[in-house]
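Subject: Structure for you to look at

Hello,

Below is the structure I said I would pass on. My notes follow it, and please check them against the coordinates.

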Amino acid sequence: MLKKSSLIIIVLVSGLIYISSALLSRGIPEGYVIITQVQADDAVNISGSSLNKLDLQGAQIVSFNPDKPGSSINVLTQNFYSAISPELSLDNRSIVFAGRKEATDNWQIWMLNLRNSRFTQITNNNRDCFDPVFLPDERITFSCTWEEERYGSGSTLYTAALDGRFLNPITYHPHTDHSGTMLHDGRILFISEQVYPEAGKQKILALRPDGTKSGLFIQIPDGIEITGKVRENRDKQLFMTAINEESGNRSNVLRFSYNNPYNSLTNIYTSETGELHSLYPENSGDLLVSYRKNDAEPFGIFRLDPQGNPLPVHIDSEYHFLEPVIVEEKPFIPRKLPSALREARNFGIVVFVETSQALAESKSFEGEKVQVIGLDGLLDEFPVFEDGSFYVRMGARTPVRFQKLNSSDEILEGPTPWLWFMTGERRGFNSWDEKQLTAPANRVPEAINHSYIEISGFDTPRLVIKNDENLLSEAGHEY
Amino acid sequence: MNISNTFIILFIIGLLLFFMGYRGYRWSLDHYEYMTIGEVTGDILNNREAKIAAIKCMGCHTYTKRDGFFLQFAKKDYSSPYNLAVSADQRKLFVTGQESDALYIYDLETNQLLSKVPVGDHPHSVAVTRDGKKAYVTNQWSNNVSVIDVESGLVEYTIPAGGGPAGLVLDQNEEYLYVANTYTSNISVIDLNRGTETVRLRAGNYPTGINISPDGRNVLAVSQRSVLVEYRDPPKTEITVINATNRRVQQRIHFEEAHIMENVDFAPTSDLAFTTLVRPRNLVPAVQVESGWMMTFALGVISLETGNMYQLPLDEPNTFYADPYNVLISPDGKLAFISHSGGDYISVLDVDKVRDVIREIDEGMILNAENDLMLSDRYIKKRIPSGSNPKGMAISPDGNYLYIAERLSDQIAVLNTSTLEFEQGISLKGADQYSLLRRGEQLFNHSGRTFQNQYSCYSCHPDNHEDGLTYDMDFYPGEDLSNVQTLRELAGTSPFKWNGNNVSIYMQCGMRFSTFVTRTEAFSPYDLNALVGYITSQISHPPNLYRTETGELTEAQRRGKELFERTRTNDGRVIAERDRCITCHPPPNFTDRLKHDVGTATDRDNHTEFLTPHLNNIYESPPFLHDGRANTLEELWTIYNDDDLHGVANDMTKDQLNDLIEYLLSLGSARYHK
């Protein structure tokens, strides 16, 4: 028989165990900040480089309490050779990040359950995969590199389930796509630079998670280079850090609105001597920024108040603190966008109409023709209809550009940026302007009174990871 | 079916399913899937268990029934403020309660209710005399105007008007009242001294808004629906210009590529008139929502000096402000306010900047203004979030306060026009919480469940009806065009869509709807229940204007009924059963709910058979046929029935055809035909 005192001890110990496990399973408390911590080493030049292009030995994902200056930091990725770019799940219970277990590994996507500290490897292939972010439907999106003799090298956006299954490339163009984040409308916003046939300027594109309706969200003005992810706050304002070459490479924080990006792009902060790396908008309205006052100092975490004063939150002379995210209520839950794609339809539908057919009525399009250019050259050529419209059934997942010529073969419009169409995607273009800031006139495009122009697609495996490249048997394992 | 029968049947089915165990569960899933999803058409529906979600069996089998016992638990009573007027002394606010059939008179100093005056069915708008002694209320479903003595709070008398009286306005001397009759598409001019209608002027199609210029010279009436146009031509909607001196139509002008113009107001200088309008893209293939490929919303501007007309977008590149309803210009002419009943926003416009933009359009500096999604930034001063479904607005004569009828919030919002901030509003004291069906009505009227908030259910189904347009929704552009159908009294008319593929409203509004129409996240199970419950149980036809008061058929209608039910041709040949009108169109809904080939398919259709549409209040729904090819009922037989496939009718005389149509026009709600 147990004594009464023993019973009390057992009950007390059990209670303590229960309470401590409950506390531990809460994950990281609200208000904490999670960052990438990088050894401040002269040999590592953080400025202007994507972190995944650096070796970054010892880089770790860490968390700290910003309300307690000088408090200890908690390393979350202890057993990794390096780990970068944390992103919180919508319920703040997990993070995804890019990590390397060993020095010889590529960057791969990992997930950490903050409640039980279990790691799950989501990708396992011979490319570098980085910049992961959670989608609202138990999936993530991220970028993986490609390299090809003829087209150069770049990176492609993918989606995958949280266990690594259903790996699905969603961009199909010779670009470098990276820094994906979520818009409240459910689309993925990302930074994209053309690499073939010539290097292009940085652009911010948006697309639906099924890879459809990819298009320009905002054109970055000349001389400005974005240095971190673009992030949206709960007021539908988007923020990004950028370097302005025209102002002597000064660091800036730029803001623009979701509703009307072009009319709202504003520089809200310029650092005269310092440098900004990345930012995160807080629900309070402040911005948490990774910032340093001069080149001699490592990046620390600062809070940029509405008046534009960077106030230190966490700095350490031995470490760079980069890529902050905050454990707090999400400013919005992105919409779960449905997908109408059907694998059985290995083509997309494209309808092009002139900006204003009312205006076009006074213009003759006679003799004008459209050329469709693929990665390896001209794919097709056909005349436009009398109202300037055309209607194409285009092989799916094929990067193409369109251009318009007159009867003398002079280029009148284009070439457009690289476009692709997913299986069963339907797409409309109103004018040759990439911005697509006008709605179409309400007229029947003449082209749809006729059958579509059929353009065969071609496979582009060299730009994306083939199924047998992703070693799924080793992915999705918990550690 | 009474309550005990319902319970017994549900109980027995429940028992059966329970004892069938897993097979019962699978059967339930199959039944659920058949009723709500149907054939899987995309790679979107791969988790069968998830699909069952929480669409409760009780939802479909109880409060979606039009007269069901359980409906009372999902419904509450509301006032639904619709339109407003402020007295000239700024002391009283007059509010029509669309659902409570009453006019509310409030003391604006205390925000207290002075009187609630019972009026007719579905009161629409109110006008008040300058001395504040009399108020006039249009009763849209009673086809008359209530004349109210404000002091006593009593209806003195009613004046008959046309069908569906909506907007109304007093002339400058308050001797004549102009009433826009929506359903009969005309304007009643009422002599107030004699208390009778003196003349009825033909207006556009479904006029709703009407106003008079401050100089008293012009009355403008704006219409909801496009005038009838050539097949596959863009819609154009009439503004009827009436000379207020001789009370005659002076001019008919049209906004091209626009419709659903709900209200109109004038600048105090009487040189400009503003109207709200929708610019549909029904002729453009619905390949995407982005960049306004489905529809956009605009301010229509009419220069009364030059006669020029302009359409200025109210949207932005990534956000749309759906269903603009009312427009008001402040007394100083500096600001204009627009209520977006689908977006739950009030847009505040800088009128001087609107003038700048139209000047630049005149000078050729701005091209394609009507489609330019960047342009609104030039003249929109502020967007103010409002309560649910903001409809009518009134501004105090001193211009200091804007009153907004937030119809589905059951309250009046009060906006300080200097600070553009809300002050203490007025509750109409409807139910203190939203019922399930009210939630459904809010969802129906709100654009928030469409990608970038581009459109609501109302946008294509104004007043729960249809917009008279044909849309290009098929996968392949230009094929299987679809004429929008009414949502009024759908109970008993399933399946839906012209191809009959949607066996229930759950299916119509569920996952497929979000995938192919709204293109954003699907409704949650609760919201889908609410929306379906609202659509199936709460939407009624207005009274049929062609039925006599007693319900007896006129002589012509009686002759038409005999033709509708005839079994022999004029020369005595027997008409095969399948070729008789009544075979495919049996009462009470005048549909057999089956698909038939009636020879109406074209080479752009992928099917030859179409679902038989119901015929209740069919007169409200031109154009006709699945692709909207027939502008009138006559055309169904005189143009599109060469081979008698759509009923044997080619032997009919002109008079017989007229009689048949007279009868069809009289077919009202199914409850009359049971």
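In chain B, residues 24 or more positions apart account for 55% of the contacts with a separation of 6 or more; two residues are in contact if their C-beta atoms, placed from the backbone, lie within 7 Å. For chain A the corresponding share is 52%.

This is a predicted model, in which local features need pLDDT of at least 70 and side-chain atom pairs count only at pLDDT 80 or more, while totals for chains, interfaces and linings use all residues. Residues are numbered from 1 along each chain as its sequence is written, and chains are lettered from A and ligands numbered from 1 in the order in which they are written.

The two chains

Chain B has 14 helices and 32 strands; helices (H or I, at least four residues) and strands (E, at least two) are DSSP runs, numbered from the N terminus. Its radius of gyration is 25 Å, close to the 26 Å that the globule rule gives for 674 residues, so chain B is as compact as a globular protein of that length. The radius is taken over C-alpha atoms, and the rule is 2.2 Å times the number of residues to the power 0.38. The C-alpha trace of chain B spans about 70 × 60 × 55 Å along its principal axes. Of its 674 residues, 51% count as buried. Here a residue is buried if 20 or more other C-beta atoms lie within 10 Å of its own, exposed if 12 or fewer, and partly exposed in between, with C-beta atoms placed from the backbone.

Chain A comes to 3 helices and 33 strands. Its radius of gyration is 25 Å, against 23 Å from the globule rule for 479 residues; the values are close, so chain A is also as compact as a globular protein of its length. Its C-alpha trace spans about 100 × 60 × 45 Å along the principal axes, and 48% of the 479 residues count as buried.

The contact between them

Chain B puts 43 residues into the contact and chain A 38 residues. On the side of chain B that touches chain A, the elements that give two or more residues are β18 (272-280) and α9 (511-518). Of these, α9(B) gives the most, with 4 residues. By class, that side of chain B has 18 nonpolar, 15 polar and 10 charged residues. Ala, Val, Leu, Ile, Met, Phe, Trp, Tyr, Cys and Pro count as nonpolar, Asp, Glu, Lys and Arg as charged, and the others, Gly among them, as polar.

Two sheets in chain B

Four strands of chain B form an open antiparallel sheet in the order β5-β6-β7-β8; strands pair if DSSP finds at least two bridges between them. Strand β7 (residues 144-149) is joined to β8(B) by 6 bridges, and N144(B) stands opposite P160(B).

The other sheet is open and antiparallel, with 4 strands in the order β25-β26-β27-β28 of chain B. Its edge strands are β25 (390-395) and β28 (421-427). Strand β27 (residues 411-416) pairs with β28(B) over 5 bridges, and V414(B) has E423(B) as its bridge partner.

A covered helix

Helix α10 (residues 525-538) of chain B has 14 residues, which should span 20 Å at 1.5 Å a residue, and its end C-alpha atoms are 19 Å apart, in agreement. The expected span is 1.5 Å times one less than the number of residues. In α10(B), 10 of the 14 residues are buried, including L528(B), L531(B) and I535(B).

Backbone points to check

In chain B, a cis peptide bond joins S494(B) and P495(B), with omega about 0°. P495(B) lies in the loop between β30 (482-483) and α8 (505-509). K497(B), in the loop between β30 and α8 of chain B, has a positive phi near 75° without being a glycine. Another cis peptide bond joins P622(B) and P623(B), with omega about -5°.

In chain A, K236(A) has a positive phi of about 65° although it is not a glycine. With 16 C-beta neighbours inside 10 Å, K236(A) counts as partly exposed.

Regards
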